[in-house]
Structure formats: C-alpha cells, structure tokens
Amino acid sequence: MSPPPLRGLVLAATVALPLAGCAKKAPDPIEQIVVRKPGDPPVVVPLASTDPVAAGKRAFAASCSACHAASADAAKGVGPALYGVIGRKAASVPGFAYSAAMKGSGLTWSGPEIEALIANPQGIVPGTSMNAGAVSDANARHAIVQYLKTLGPKG
Ligand code: HEC
C-alpha cells in the first residue's frame, strides 16, 4: 500500500543559520516551517540578525572579556581596558604594566591593526605579553573591531 499523496502542500525550510563570528558559541537555530501551495510565490524566511556589532559583542565576550574590560572606569584586568581603543596609541592606558614590546611598538590602534593583533599577537608585536586571545575566524575578528568602535565617547 502506498502512502496517500501529499496534495497541495509544500513543506519547506528548516533553516539553521550559523552566524558568522560566533564560532565558540553554538548558533541559535532558526526554525520555520512554511506551508504553501504550488504556484505561490517563494517564501522569504527571516534570517538571524547579521548585525556585525552584535556578533562582535558576543565574540568579544567569548574571546577577550576574560582579560579586557569594555568600559572606561573598569578595574584593571589582565589586559588594559579597551574602551576608546580605536585611534588610541598602543600602551597608553595609564598605570597598566605593558610589556616593553608593546611600549616600543609605535602602533596606533586602527581597525586593521587590531585585526592583525588578534589574528596573531606575536606577529604584529613580537614579545607582547598578550599570550592568548588569537581569533582564527576573520569574520569574527572584523566583527570584534566593529564592536570596539562602539566603545568610546563617540560610540
Ligand atoms: C589572556 C588574556 C588576554 C586575552 C584573552 C586578550 N588579551 Fe588583549 N591584551 C592582553 C594583555 C596582557 C595586553 C598587554 C600586552 C602587552 O603589554 O604586551 C593586551 C593588549 C591588547 C591590546 C593593546 C591595547 C593597548 O592599550 O595598547 C589590544 C587592542 C587588545 N589586547 C585586544 C584584544 C582583543 C580584541 C582580544 C579578544 C579577541 C584580546 N585582546 C584578548 C591580554 C589578553
């Protein structure tokens, strides 16, 4: 006996969208079942937010916040606070014990420099005491920088 034919029903789309930039955290799956008749226009399934600032905030929480504070008045952590870091000269948070390597780096933190730092800290500042925090995913690095840009007086 054959199963009854499914007439007029199209069952479409269970979508699980891995959101770029949050590799460490399991992505929130979006599930939607769309029932439509043949000939109906295609259904647009709403996607998860691809807002890079939101993705960067999550990636920062996962990869950076253990050592870095995001607020101006935070107590010092293992690393210097990153509030206002975009456009800031390297090694310029008063009272933070930077490595000689960071003090001598001559860098000013623009987006691309921060992306390079978190791709491979020793690559851009050989001898830095930032011994962890490398982020392997380029989208996540970019998203983190978009988030860092919101931290500061202009953010
Ligand atoms: C294990 C702790 C640790 C983690 C995790 C970490 N950092 Fe760092 N970071 C440091 C330390 C320590 C320094 C100071 C390095 C030095 O003086 O050589 C630093 C320095 C920096 C600087 C230079 C700041 C300045 O004032 O010159 C930036 C930018 C930075 N980190 C960004 C990040 C980002 C973004 C992440 C996450 C992707 C991250 N760090 C993860 C410890 C960490």
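Start at the iron atom of the ligand: its six donor atoms subtend angles of 87 to 178 degrees, so the arrangement is octahedral (six donors, with opposite donors over 155 degrees apart and all others between 65 and 115). This is a predicted model, in which local features need pLDDT of at least 70 and side-chain atom pairs count only at pLDDT 80 or more, while totals for chains, interfaces and linings use all residues. Residues are numbered from 1 along each chain as its sequence is written, and side-chain values use heavy atoms, with hydrogens and water left out.

Next, select His68 and Met130. Their atoms NE2 and SD are the protein donors of the iron atom, 1.9 to 2.3 Å from it (donors are N, O and S atoms within 2.8 Å of the metal, or 3.2 Å for Na, K and Ca). The two residues are 62 residues apart, His68 in the loop between helix H1 (52–63) and helix H2 (100–103), Met130 in the loop between helix H4 (121–124) and helix H5 (138–148). Helices are DSSP runs of H or I with at least four residues. His68 counts as buried because its relative accessibility is 14% (buried is under 20%, exposed over 50%, partly exposed in between, with a 1.4 Å probe and protein chains only).

Now show the 33 residues that line the largest pocket; His68, Gly79, Pro80, Leu117 and Met130 lie nearest its centre. A pocket is an open set of points on a 1 Å grid where a 1.4 Å probe fits, with protein on both sides within 12 Å along at least five of seven lines; lining residues have an atom within 4 Å of a point. H1, helix H3 (111–119) and H5 each supply at least two lining residues.

Last, select Ala91, in the loop between H1 and H2. Ala91 has a positive phi, near 60 degrees.

Terms used. Tetrahedral: all angles 85-135°; square planar, octahedral: opposite > 155°, others 65-115°.
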